Amino acid sequence: MDMNSISGWLQASVRLAAPLMLTSIGAVYTERVGVINIGMEGMMLAGALASVAASFFTGNVVIAAICAMTVGGLLAVVHAYLTVSRRASQLISGAAINFLALGATNFGYARLFPTERARAVTFPVLSPPELRGIPFFGQVIFAQPVIVWIALILPLVSAWVLYRTSWGLNIRAVGEHPHAVDSVGLSVHRLKYTGVILSGVFAGLGGSALAMADLGYFAPAMTGGRAFVVLAALVVGKWNPIVVAAACMLFGAADALQLRIQTFGAVIPYQFPLMVPYLLTIAALAGLVGRTAAPKTIGKPYDPETI
Amino acid sequence: MKERRKIDLSGLEGLVLSGARPILAVILALVVSAGLIWAAGANPIEAYAALLEGSFGSVTALASTGVRAAPLLLGGFAVGLGFKAGLWNIGGEGQIYLGAAAATAVGIIPLPVPAWLHLMLAVMAGFVGGVLWMLVPAYLCAYRGVNLVCTTLMLNYVAGYFVSWLLHEPSPLAEKDAFFPMSPLILPSARLPILARGTSLHVGLILGVILGVVLHFVLHYTHFGFRTRMVGENPEAARYAGVGVTRQIFLVLLICGGLAGLAGAGEVLGLKLRLFDFFASGVGYEGLALAILANGNPLGIIVGGIFFGSLKAGASKMQIVTGIEASLALVTQALTVIFVIAIGFGERVRLTRQQQKKSRA
């Protein structure tokens with residue numbers, strides 16, 4: 001491989017990783033407060049449709065991103081209500097939300113765009129052309145749409161909030177020992193709701209990045225399991241926002257690699273890089289690559305009456 | 001929390017309550033969906049009439065419902081059995097793929113055996129395929145304490161890509177020069193017999209119903225079933241009573257995998273007659289929805305599976321008559337599950353309070 005194809009591959013890697021990284025930010029928070037959200041797949045999908053529709057009708061990408069985050073957040077409220085307030089199974093609630101989003105986006109897409117395939121305004125590339133001309137970095141970093149930059153910066157902000165603010169400490173504490181949080185007078189429910197809703201908001205934004213980083217259109221079921229890749233990144237990255245984002249980058253690179261194999265052909269079948277995130281996760285869970293350290297009460301509802 | 005979960009719904013009261021929950025949820029889901037139909041500019045009554053006609057109105061409609069219900073039943077058992085043992089098998093999708101691939105591998109080879117035996121072997125291969133795909137998660141869950149949800153969920157995608165690879169040349173399962181990745185046709189000797197002439201309703205549905213009844217009896221009237229439910233309700237007590245909990249979990253999970261594998265085998269040997277790239281899309285997850293709707297109860301899964309099947313079958317008729325997209329059926333299914341779990345906890349709390357009153361008196 002020459003320099004050009006390497007930087008081309010890295011450019012695609014970063015772009016494909018952006019939706020994963022954005023989604024992973026919220027995913028860290030929901031699991032840190034002890035709620036697994038497999039419904040992020042549906043929230044991404046709903047966010048993708050919402051942002052394409054908003055961008056198509058208003059032509060404004062900021063409104064589009066806000067719509068995506070709102071829709072994702074609203075679905076997350078349903079998940080939070082069912083799992084935190086009603087203490088229903090997090091798994092079932094998430095799976096039901098995925099179904100709901102799949103059906104509703106198919107339904108809504110057909111309603112909104114009955115005839116033509118809508119091409120929406122995409123996120124712009126903001127950097128001046130001179131910067132884009134820089135060899136390697138110009139292509140990999142500067143030629144990316146603005147949403148990719150946001151995806152690269154946000155994990156750092158997220159890590160700072162989680163590890164350096166008292167609110168972040170509360171979030172981390174809720175997943176480890178909710179009773180302790182309760183005993184110092186903080187609302188466990190409020191923290192849990194916040195964590196879950198953040199996961200929906202960022203999944204929606206991730207969906208928006210997926211649909212509008214360069215495609216500019218929606219396709220039914222277009223997320224294709226990307227939220228599950230994010231769940232995989234959480235395990236591999238041990239619930240640390242920066243490491244998780246790095247894992248997302250790795251998985252984005254695997255995705256870019258398989259696209260290259262499909263186009264140019266290679267010795268290994270293109271399906272194999274696609275399996276990497278999932279197999280790596282199982283290896284991590286089985287304890288083959290270091291120990292995983294999930295938040296202690298993950299998956300369990302909080303009941304103030306039992307210790 | 002533990003105490004609440006163990007509430008014994010015994011006698012007629014229990015039967016009515018456990019049945020009332022899903023029925024109430026279905027009614028609520030249908031009401032909300034009716035609102036969506038109305039908002040989309042169609043008459044809900046007309047739409048539901050078309051849906052009913054498309055799912056139960058004629059022999060073709062009934063066959064169409066049955067064809068769609070068949071894989072859902074098996075997919076539901078694959079989750080429901082684990083549910084009874086307190087285990088969440090989210091890997092139905094992956095096990096379905098592997099079961100289908102194994103059944104295809106046997107079904108496309110001309111074997112020097114009678115037709116019924118060829119079919120039996122292909123169906124058994126489907127079971128074995130599902131079991132093998134469950135082997136690693138089952139071992140990790142039972143003996144190493146690794147979260148089953150994560151492993152089975154991840155393996156779904158691995159299975160999808162693995163089968164996709166099997167269907168691309170130069171794999172022996174791939175059809176030569178096909179326009180779409182798929183396997184060669186299943187040989188006639190390995191196909192499931194058709195039940196009603198002129199339709200695609202195959203024996204898979206009957207097999208599913210029989211398996212459900214068998215599973216019900218196994219769960220309630222055998223040592224194996226008793227141990228399974230004991231592990232699900234209180235693993236500590238089960239261990240104390242001398243049940244080999246890890247071994248029981250391992251075995252139950254393998255059977256779950258096998259049941260899902262059978263669902264895949266049925267789809268390929270009975271309906272599609274070829275293995276296609278990513279053919280199962282969602283059946284494994286619908287099985288999960290069914291299992292929760294029926295509380296893991298095999299007989300309930302049969303009823304629920306036929307309901308879900310009829311929604312899917314009738315939705316296309318509804319689309320033709322009223323122009324409401326068939327994807328609304330998915331929304332209705334999802335709403336049913338959401339309402340079931342939303343109602344669920346309230347009922348549990350109410351019962352606890354009643355019991356507390358009783359015990360105080």
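Me: Where in chain B is B:Ala101 placed, and is B:Ala101 buried or exposed?
Reply: In this predicted model, B:Ala101 sits in helix α5 of chain B. B:Ala101 has 25 C-beta neighbours inside 10 Å. The cut-off for buried is 20 or more, so B:Ala101 counts as buried.

Me: What makes up the surroundings of B:Ala101, leaving aside its neighbours within four places in sequence?
Reply: B:Ala101 is in contact with B:Gly129, B:Val163, B:Leu166, B:Leu173 and B:Leu275. B:Val268 is 167 residues away in sequence, yet its C-alpha lies 8.6 Å from that of B:Ala101.

Me: How do you know how α5(B) and α6(B) are arranged?
Reply: The axes of helix α5 (residues 92-107) and helix α6 (residues 115-144) of chain B are 7 Å apart, at an angle of about 145°. The crossing of α5(B) past α6(B) is right-handed. Residues of α5(B) in this contact include B:Leu98, B:Ala101 and B:Val106, and among those of α6(B) are B:Phe127, B:Gly129 and B:Trp133. By class, the contact of α5(B) with α6(B) has 16 nonpolar, seven polar and no charged residues.

Me: Why is B:Ile210 called exposed?
Reply: B:Ile210 belongs to helix α8 (residues 204-221) of chain B. Its count is 11 C-beta neighbours inside 10 Å. A residue with 12 or fewer is exposed, so B:Ile210 counts as exposed.

Me: What makes the backbone of B:Phe278 worth a remark?
Reply: B:Phe278 is not a glycine, but its phi is positive, about 50°. Most residues other than glycine have a negative phi. B:Phe278 is in the loop between α11 (245-272) and α12 of chain B. With 14 C-beta neighbours inside 10 Å, B:Phe278 is partly exposed, because that class covers counts between 12 and 20.

Me: What is the phi of B:Asn295, and why is B:Asn295 called partly exposed?
Reply: Phi of B:Asn295 is near 55°, a positive value in a residue other than glycine. B:Asn295 is placed in the loop between α12 and α13 (298-322) of chain B. There are 18 C-beta neighbours inside 10 Å, so B:Asn295 counts as partly exposed.

Me: Why does A:Gln258 count as buried?
Reply: A:Gln258 has 21 C-beta neighbours inside 10 Å. Buried requires 20 or more, so A:Gln258 counts as buried. A:Gln258 lies in helix α12 (residues 241-264) of chain A. Beyond four places in sequence, A:Gln258 is in contact with A:Tyr270, A:Pro273 and A:Leu274. The C-alpha of A:Phe272, 14 residues away along the chain, is 7.8 Å from that of A:Gln258.

Me: Why is A:Tyr81 called partly exposed?
Reply: A:Tyr81 has 16 C-beta neighbours inside 10 Å, so A:Tyr81 counts as partly exposed. Helix α3 (residues 61-85) of chain A holds A:Tyr81. A:Tyr81 and A:Val196 are 115 residues apart in sequence and 9.7 Å apart, C-alpha to C-alpha.

Me: Which residues have the most contacts inside the largest nonpolar core?
Reply: They are A:Ala233 and A:Cys248, in a core of 219 residues. Helix α10 (residues 188-212) of chain A gives the largest share of this core, 14 residues. Leaving aside neighbours within four places in sequence, A:Ala233 is in contact with residues including A:Leu20, A:Val244, A:Cys248 and A:Phe251.

Me: What makes up the side of chain B that touches chain A?
Reply: 39 residues of chain B are in contact with 35 residues of chain A. On the side of chain B, α6, α7 (148-166), α12 (283-293) and α14 (328-360) each supply at least two residues. That side has 30 nonpolar, seven polar and two charged residues.

Notes: Residues are numbered from 1 along each chain as its sequence is written. Chains are lettered from A and ligands numbered from 1 in the order in which they are written. This is a predicted model: local features need pLDDT of at least 70, side-chain atom pairs count only at pLDDT 80 or more; totals for chains, interfaces and linings use all residues. Axes are lines fitted to C-alpha atoms, for helices over the stretch in contact, and angles run from 0 to 180 degrees between N-to-C directions. Helices (H or I, at least four residues) and strands (E, at least two) are DSSP runs, numbered from the N terminus. A crossing is left-handed if the near helix is turned anticlockwise from the far one by less than a right angle, and right-handed if clockwise. Two residues are in contact if their C-beta atoms, placed from the backbone, lie within 7 Å. Ala, Val, Leu, Ile, Met, Phe, Trp, Tyr, Cys and Pro count as nonpolar, Asp, Glu, Lys and Arg as charged, and the others, Gly among them, as polar. A nonpolar core is a set of buried Ala, Val, Leu, Ile, Met, Phe, Trp, Tyr and Cys residues joined through C-beta atoms within 7 Å.
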